Amino acid sequence: MRRRRLERLPGKQPIFKQSPAAATTDLPPYVQMRRFAAILATLALAVVLVVGLTQAGGDGTPERGFDLAKAKRDLAGAPAPLASLHEQSAELLPGGPRAFRKRLASLKGYPVVVNKWASWCSPCRTEFPIFQRQAVVQGKKVGFIGVNAGDSTDPARRFLRATPLPFPSYLDPDEDIAKKIKAPANYPITVFFDRRGKLAYVHQGGYRREADLVDDMQRYLS
């Protein structure tokens, strides 16, 4: 008996059954892309978690870039007028212009750098690490004083807890001290006094490079 040839019907295509192996490996391109995207997303999440744990020190505690206790140890042995500043590190002092003027007078014989800052001032926050470091490097020869102007006490205290300075700052909410030392109304401002207590230079704006602060100290305080 002759076997009849299979004829393809018009408009119909032969149907082939796919083996199980082919079904799992030969995926359409869009399915493969979706799986690839899911893998990338998982890896990205893992990286974010690792970085977060690293920055938090692994126990939820923010990593600190400045160790105030170590700074005080490094400043030990400073002359008494300068040591009195280090003893009041990161404190906010009352007393206004009168107390500030008395403090400045007690530092005669030493050059003094006065930084006017506020907790809400972004450029102030940017330059704080520069003053942290230089106040330790130069702290046995140069006096550093902060003036917390145009600010509220509670935000200023919180800011100093997060970013402590190895010297005190005087409260100046109405900028009375700032006016006495000829610091303009913008922020931040750094005022330099020579060894005689005379105003030597007023720097307006924040320091972006530590080398620029060092240059100004060498130029106006030496």
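How many salt bridges does the count come to? By the rule used here (a side-chain nitrogen of Lys or Arg within 4 Å of a carboxyl oxygen of Asp or Glu), the count comes to 6. This is a predicted model, so local features need pLDDT of at least 70 and side-chain atom pairs count only at pLDDT 80 or more, while totals for chains, interfaces and linings use all residues. Residues are numbered from 1 along each chain as its sequence is written, and side-chain values use heavy atoms, with hydrogens and water left out.

Among these pairs is Lys116 with Glu175, at 3.3 Å from N to O. Lys116 sits in strand β2 and Glu175 in the loop between β4 and α8, so this bridge ties together parts 59 residues apart in sequence. Lys116 is buried at 2% relative accessible area, and Glu175 is buried too, at 14% (buried means under 20%, exposed over 50%, partly exposed in between, with a 1.4 Å probe and protein chains only). Arg133 and Glu210 also pair up, at 2.8 Å; Arg133 belongs to helix α6 and Glu210 to helix α9, so here the parts joined are 77 residues apart. Arg133 is partly exposed at 40%, as is Glu210 at 24%. Helices are DSSP runs of H or I with at least four residues, strands are E runs of at least two, and both are numbered from the N terminus.
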